[in-house]
Amino acid sequence: MPQGYLYETQFGAIPQSDGTTRFSLWAPSCESVSLEIENDAPQPLDRDAEGVFSLIASCPAGARYRYRIRGDLAVPDPASRFQPEGVHGPSVVTDPSGYVWRSTRWAGRPWQEAVIYELHAGLMGGFDGVRDRLDELKALGITAIEIMPVNSFGGTRNWGYDGVLPYAPTAAYGEPDSLKHLIDTAHEKGLMVILDVVYNHFGPDGNFLHEYAEAFFDHENNSSWGTGIAFAKPEVATFFIDNVLYWLMEFRFDGVRIDAASAITDHAWFGKLRDKVREVVEPGRQVHLILENENNDAGLLRDGFTAQWNDDGHNVLHVMLTGEKEGYYEMFADNPTEILARVLQEGFAYQGEMNPYSGKKRGMPSGDLPASKFILFLQNHDQTGNRALGERLISLASPDAVHAAYALLLLSPMVPMLFMGEEWGCRTPFLFFCDFQGDLADAVREGRRKEFAKFSSFQDPEKRKSIPDPNALSTFDRSRPDREERATLDGRIWLDRTHTLLGLRKRHLVPRLTDVHSLGATIIGDKSVLARWKLDDGSILSIALNLSDRETCRINEPDQLLYSSATRRAVDTVPPGSLVAGLES
């Protein structure tokens, strides 16, 4: 391979071998478009019948450019590779061959080895700051980091889900080569790197597509996040499929997690993406396509997608741990112990049943799928940051019960995911933050507070004023995990638990997790479930979880005890707020 990896997308500025650059833009709303390269005279682009404008121009890497779509408006490239002056500034031509890769033999890792650590690059000091933490995460037992979206967004602070330029790593975190250096270093250390991508909407600041490509949008399928996207149009489908392959091929990400896949209304797009990835990715290289999907579409998991975030698992455990029943937790408030048993046995809780929160049927049968198709978590950016005050789970529930649920997370055959700081029992809130200005900032702040008016704790308008302003720098700063907590007694205990549990997973479970299926899950008491899975070698993993605060459950003692979260326990018992995990021959 050359020094750098290049995936030639249909759109964007693509350097050519002869020193020129190919520019391509889909602007069907326009009759003419000109290329304005910094310090050069404007050059008209040729238009085809579908509204694709193209030009091959003498233009070196590093040049800044815009597209003039009408007399009073020049816009950045929607497929820009870098925006050093932000989403309202010019785009920059980048040279993929400029970064010299070291980990050229890296071919990924099998999915059953995945232990995922979700993080926000901005809160960790940008791409270089994340790179500095890799040794620590590897030593802990993490095998994959999942980075919240890095696409360029308005301002300098954002979760990343308000992105408007999906090909351009935000300059707030570093240059594109800094991201490549992070991934290269992770691969040298044996770590996978997964990227969150957002294709179901564009953010509100810096999106100019409506000005020149109105056909990009599907106004019949708008969502709560914004205007719908017309995935059925070939140019739109290609734009996003190319984006996945750009990250996988040029940046060497090991996978992508597609945000809010249920809002992608053309179901055929997923098959097109899967097929193109199979066609393009090098033979023998392992890459992973992950979904967040409210639809619980088990069909996609059967048809080649690697796994799905198991929100059902999180939600029912949260209800059992905290007693909260408002909002979408209403879906899990009735018979949560039965729901947890179903999650552990079959993956999804909702498999076609009526969703009381939405009034619609949700999901499809999933009991035939292996456990590795489901990513389990107790916390993530959504479930923590979408709380008004961003509280961590450990601040909301019994420490013993959280310990027991944490052991379930790290020892179940589902793929575990931790959220940054969770490994030391972080109590720092993770808040919703952004960096908008003027009327948009006011609308986001007031909209955020209005959103919580339906919750009993925030029905008082004065109480809602305590919800942090997402645009305030202090909200961003407060969301940074406090690493000093690691040195406290509680922090050391949680770190030791994490290391111990992940060590047990690596030694006793990972070698046996290729194709694991449930042997059933039964209710053994109040908030208590016994689940069993048949592992690859025929042995049986059993996990007994008791989240009640007073009832001791009886079980048959496993042949080999792997872990007990209780400090004291009689044989054949599971004390309140504890877990017992073991192997049976």
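Predicted model: local features only at pLDDT ≥ 70, side-chain atom pairs only at ≥ 80, totals over all residues.
User: How many salt bridges does the structure hold?
Analyst: The structure holds 38 of them.

User: Why do such side chains pair at all?
Analyst: Opposite charges can pair when the charged atoms come close.

User: Give me an example. What does Glu113 meet in a salt bridge?
Analyst: The side chain of Arg109. The N to O distance is 2.8 Å.

User: Next one. Which residue pairs with Glu282 in a salt bridge?
Analyst: Arg285 does, at 3.2 Å from N to O.

User: And how does Arg285 count, buried or exposed?
Analyst: Buried. Its relative accessibility is 12%, and buried means under 20%. Glu282 is at 23% and counts as partly exposed.

User: Switching to helices. Where do Arg445 and Asp442 lie?
Analyst: Both sit in helix α12, which covers residues 438–451. They are three residues apart, about one turn of the helix.

User: Is Arg445 buried or exposed?
Analyst: Arg445 is buried, with a relative accessible area of 18%. Asp442 has 34% and is partly exposed.

User: Which residues are linked with Arg445 in a network of salt bridges?
Analyst: Asp442, Glu446, Arg449 and Asp469 are linked with Arg445 in that network.

Note on methods: Residues numbered from 1 in each chain as written. Heavy atoms only, no water. Salt bridge = Lys/Arg side-chain N within 4 Å of Asp/Glu carboxyl O. Buried < 20%, exposed > 50% of the residue type's maximum accessible area, 1.4 Å probe, protein only. Helix = DSSP H or I, 4+ residues; strand = E, 2+ residues; numbered from the N terminus.
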